[in-house]
Amino acid sequence: FYSHWSPILARVATIAERDAKHRRVAGFDFNVFRLCGVNHYEVRHSAILATLLDPSEMHGMGNVFLKLFLSRIDKSLPVSSTVRVETEVQIFIDDVNEKRDRRLDILIEDEKSEWSIVIENKIFASENERQIGDYRKWLDQERQNWTRHLVFLTLDGHPPKTDIGLDDSDTVLHSVSWAADILPWLRDCHREAIDKPYIRESIAQYMNLIKQLTEQSDMDAETTKEIIELATKDATAFRGYVELLKRREAVFEQVALQIARAIRSHLSADSWEWDVVSSKPFSSTDEDPFISIRHIKPFFSVCISPAGNALRDIWIGVPSKDVGTDVDTNAIREKLKDMGWQPPNQWWIGWSYLPADIRNWDEEFLADFLDGDKRRVIEQIRRILDGIDRAVRP
């Protein structure tokens, strides 16, 4: 079985490399949204979606894009001149014992037609406690006599975990995916903007970014056909292809573990003690990070982990809970802020994403690592740890 499948894998890799070279030469991978740092930031994606959905925006398409979107949510909703689209809308939830404030990623409302749509956009971030249930409660209380829809938007369309629901709630919940719902909607928008070349090109580039985020192949038809023929040439080849699909996450985890071990073996130093190397990077959390390192004196911890259930947006942080009494926490906060880290909060003295070129452990990054390109990962993490080490010393 393995001797049969090995040359097929090599052939697939050759075909994929040829396609990648063609894309580089033709400039297909140039993407202005990636250059602007959109990638995995929910806020920026929400701003793009809201711009397309807003009839008053400068795309010049009026309510065409909005109506295409509504056709996927509720075809019966009319659109009047009073429709408005807002982002980062602050709301307040009155609960029995507390009053909570939330921010709606996108709020679409038509006052004249009396309908409201809340969109909660999740790329890789997890839900906050009671988040979707709070949105439902706000819609039910504040838009009581309106038609109400709550859209939970994720990469794969999974349902929310925090929708506590209400027995008498008329708010309709939709679990929507970037891959199966938003991308087809963008294709519809692209088709409708036939006489607006700048708008079409912007939408086309944004579609390419969404394809990358949702791991959809952008190979040309001929290249795809070659790979399909290899995978279906006989029963053994097909079974091998199926087995690889089943174990894709395990394969990625194995390479991620190799990266973690390489970092540990190259960064051995008297001041650092490697405490944990998790075997499950895809399921790592703030409480159970992929990599945990302890600084022995003064005592504190550093965590390295991917955001969400993917090897993307790898971040590094200093948690507040693992800090010894000999550490001047306030001084560290200020020094980490000077290094460009995110502001501290109740859980973190400071945190930051890894540098752009080692931040997302996608297929290309992992392949480069296996091909021997280990130095840039190790050296950049070494520099970050050295900076933290200097920050904690008196």
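User: How many residues are in the hairpin that joins strand 7 to strand 8?
Analyst: This is a predicted model. Strand 7 covers residues 291-295, and strand 8 covers residues 300-305. The two strands pair in the antiparallel sense over five bridges. The hairpin joins them through a stretch of four residues.

User: Which residue in strand 8 does R294 stand opposite?
Analyst: Strand 7 is mostly covered, with four of its five residues buried. It pairs with strand 8 in the antiparallel sense. In strand 8, the residue opposite R294 is S301.

User: Which residues have the most contacts inside the largest nonpolar core?
Analyst: The largest nonpolar core has 40 residues. Elements that give two or more residues to this core include strand 7, strand 8, helix 10 and helix 13. A second, separate core has 39 residues, among them A50 and F69. In the largest core, the residues with the most contacts are I316, W361 and I388.

User: Which residues does I388 touch, leaving out those up to four places away in sequence?
Analyst: I388 is one of the residues with the most contacts inside the largest core. Leaving out residues up to four places away in sequence, I388 touches W272, F300, V302, I316, V318, L336, M339 and W341.

User: Why does L245 count as exposed?
Analyst: L245 is found in helix 9, residues 235-246. With F238 and Y241, L245 forms a nonpolar patch on the surface, with about 300 Å² of accessible area together. A residue is exposed when its relative accessible area is over 50%. L245 counts as exposed because its relative accessibility is 52%.

Terms used: Residues numbered from 1 in each chain as written. Predicted model: local features only at pLDDT ≥ 70, side-chain atom pairs only at ≥ 80, totals over all residues. Heavy atoms only, no water. Buried < 20%, exposed > 50% of the residue type's maximum accessible area, 1.4 Å probe, protein only. Pairing = 2+ DSSP bridges. Patch = residues over 30% accessible without salt bridge, like charges linked within 9 Å, V, L, I, M, F, W, Y side chains within 5 Å. Areas by Shrake-Rupley, 256 points an atom, 1.4 Å probe, with all protein chains shown as cover. Salt bridge = Lys/Arg side-chain N within 4 Å of Asp/Glu carboxyl O. Core = buried A, V, L, I, M, F, W, Y, C linked by side-chain atoms within 4.5 Å. Contact = heavy atoms within 4.5 Å.
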